[in-house]
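Here's a quick tour of the salt bridges in this one. Have the model open as you read.

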Amino acid sequence: MISQIALPIKKLSYALSISICCLSATQAIATAEIPYSSTSNVIQPLIYLDESRLQVSLEKIKANDTLYKEALKGIRSQAKVELKREIDPVTNKIYIPASGDIHDYYSISPYFWPDPDKEDGLPWIYRDGQINPATRGPETDQIRFKTMLTSLNALNLAYYFTGHDKYSKKAADIVRTWIINEETKVNPNINHGQAIPGKEDGTNFGVIEWTDIGKLITTIQLLERDNSWTTYEKQALQQWLNEYHDWLTTSEFGMLQDTRQNNHATNYDYQVVGLQIYLNKYDEAATRVENAKFKRIAVQIASDGSQPHELERTKSVNYTVNNLWALARVADLGNRFLDIDLWNYESGEGSSLKKGYDFVVPYILGEKEWHWQQITGGGAEQQLKNLATPMFRRTELLLGEEVFYNVSDDFGYEKFDDYDILVYAP
């Protein structure tokens, strides 16, 4: 059974104190004085989940709080589905990337469509915000990869809160299939992500499709605690993650993604920083989070708090929310592991993450009318309710900062799903 960890984590640099709690009781049994490394026996705090919030949920469940018990019931129901789901590796796709290697991840850019004026439709043409269903089928890997991460997400939480080995065993099988098994594993690169038929064999925009690879890392971390990996598996996992980190930070597409001035770059940071923390590259992680002040916040957010690059899109609410959430998640990693405060940073021109949130709040509350384009989700007003409102509440819980002022204490929480309740503990 997995141990639970209660963590008021701040900085892991060179002094880390960890209290390890069992499901039955909270009992401190271990203290670490050095940062984690792949060769040490130190238990590393979960990177992509804040265990101080998970511990609140655990205590609520133990106290028979109906909200949290029902949320866990919902997660276990999802995990039950994942236990029965057949593992679908990258090698199951039909279309082969230009490399000729079926192990290379391959997807087609979602906003591209066959040119109706060309007999063969090539090259495909761009329609912003309009997803081509042909890019979301079993022929390519985008849905396959997303489904894999969704499966791990449910299994991770079910295992964390119950300790039942059936969840961890299935999660381990998924990781072995996707990362370790030579016959089915995915190569640690995204050279052929978001390809454009008739034009590009791959583009840097495919990197965003791996944004939530942290769910994979969470599985690896949870099973490290139980010594579930063999020595060979540990080495294979470390090698794969190191190679993927190197690809992210040194490849043409990775470096190009780093230069973007919108949500693509911010989501890129979220991947890279979390990987660097896991791989014990703290100096590199700290540098990247510090650079986010002037490379992301100062560039992406105007002095009035608007995000011009996101507002010009046809799904302006979606992209505004996406980028703010990516910045919040990078800020969370900076807070918990590196003692870097992105929330209170303000550029010389007055740009700040806080202003980015303040800009949107009046529109969520209906005090202002959103006049930018929003072609999906029932329009801007509906999307602000369904997408922005719960994300802003998650940010408050994630960062411990107030975003909504003078509103009902319950406002927005009704939009929380089972995952939100257990992970952010409202």
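D212 is partly exposed, with a relative accessible area of 27% (buried is under 20%, exposed over 50%, and partly exposed in between, using a 1.4 Å probe and protein chains only). Its salt-bridge partner is R329, and the closest N and O atoms are 3.2 Å apart. For the cut-off, a salt bridge is a side-chain nitrogen of Lys or Arg within 4 Å of a carboxyl oxygen of Asp or Glu.

This pair ties together distant parts of the chain: R329 is in helix α11 (residues 316-338), while D212 sits in the loop between β6 (192-195) and α5 (214-225), 117 residues apart. Helices (H or I, at least four residues) and strands (E, at least two) are DSSP runs, numbered from the N terminus. R329 itself counts as buried, at 15% relative accessibility.

## Ground rules

Keep in mind that this is a predicted model: local features need pLDDT of at least 70, side-chain atom pairs count only at pLDDT 80 or more, and totals for chains, interfaces and linings use all residues. Residues are numbered from 1 along each chain as its sequence is written, and side-chain values use heavy atoms, with hydrogens and water left out.

## The count, and another pair

How many salt bridges does the structure hold? The total is 24. One of them joins K118 and D115, with the closest N and O atoms 3.8 Å apart. Here the lysine, K118, is partly exposed at 39% relative accessible area, whereas D115 is buried at 11%.

D258 belongs to helix α7 (residues 252-258) and is buried, with a relative accessible area of 14%. Its side chain makes a polar contact of 3.2 Å with that of R288 (a polar contact is a pair of N or O atoms within 3.5 Å; within protein, one must be able to donate a hydrogen and the other to accept it, and residues adjacent in sequence count only if both atoms are side-chain atoms). Setting aside neighbours within four places in sequence, D258 is in contact (heavy atoms within 4.5 Å) with A265, Y268, D269, R288, K295 and R296.
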